[in-house]
Amino acid sequence: MKAVIAAISYFATIFALGFLLGTVRTLWGAGALGETTFILFEVPILLIASWWSARSLCVRHSINSFASAAVMGVCASTFLMLAELVLATSLSGQSVGEWFASLWKLPQLLGTVGQILFGAMPLLVAAKSGE
């Protein structure tokens, strides 16, 4: 249960930052730099924040086994993808199929790779702390 609670905090922290950066990208960044270029700046910021958040939450919730870290990462990734799906279908009017197909095309593919790494981050942090 502590891994699920950690996952909720992890998801909420990174989703909030991603929502903020996505808003900046939509309102200013994509027009000024181009969407792909802005995402190339956005993803490393989110991954650094993911590492920091996963690290602190793993310590706080004693997530140090592979199984607990995997539960935390999978749950957080699931929450993130569901939130992305809800936003994409409600704000942009995309269908579920259109949203899923867009995940595998540039520039969204860069974000998809970042989201995969986001999900893996608790495993990376737990493995590093287990050395």
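Visitor: Which residues does Q108 touch, not counting residues up to four places away in sequence?
Guide: Q108 touches E35, S102 and L103, where contact means heavy atoms within 4.5 Å. This is a predicted model, in which local features need pLDDT of at least 70, side-chain atom pairs count only at pLDDT 80 or more, and totals for chains, interfaces and linings use all residues. Residues are numbered from 1 along each chain as its sequence is written, and side-chain values use heavy atoms, with hydrogens and water left out.

Visitor: Why is Q108 called partly exposed?
Guide: The relative accessible area of Q108 is 32%. Buried means under 20%, exposed over 50%, and partly exposed in between (1.4 Å probe, protein chains only), so Q108 counts as partly exposed.

Visitor: What makes α1 oblique to α3?
Guide: Helix α1 (residues 2-33) and helix α3 (residues 66-91) pack at about 40°; angles run from 0 to 180 degrees between N-to-C directions, and axes are lines fitted to C-alpha atoms, for helices over the stretch in contact. Under 35 degrees is roughly parallel, over 145 roughly antiparallel, 65 to 115 roughly perpendicular and the rest oblique, so α1 is oblique to α3.

Methods
Helices (H or I, at least four residues) and strands (E, at least two) are DSSP runs, numbered from the N terminus.
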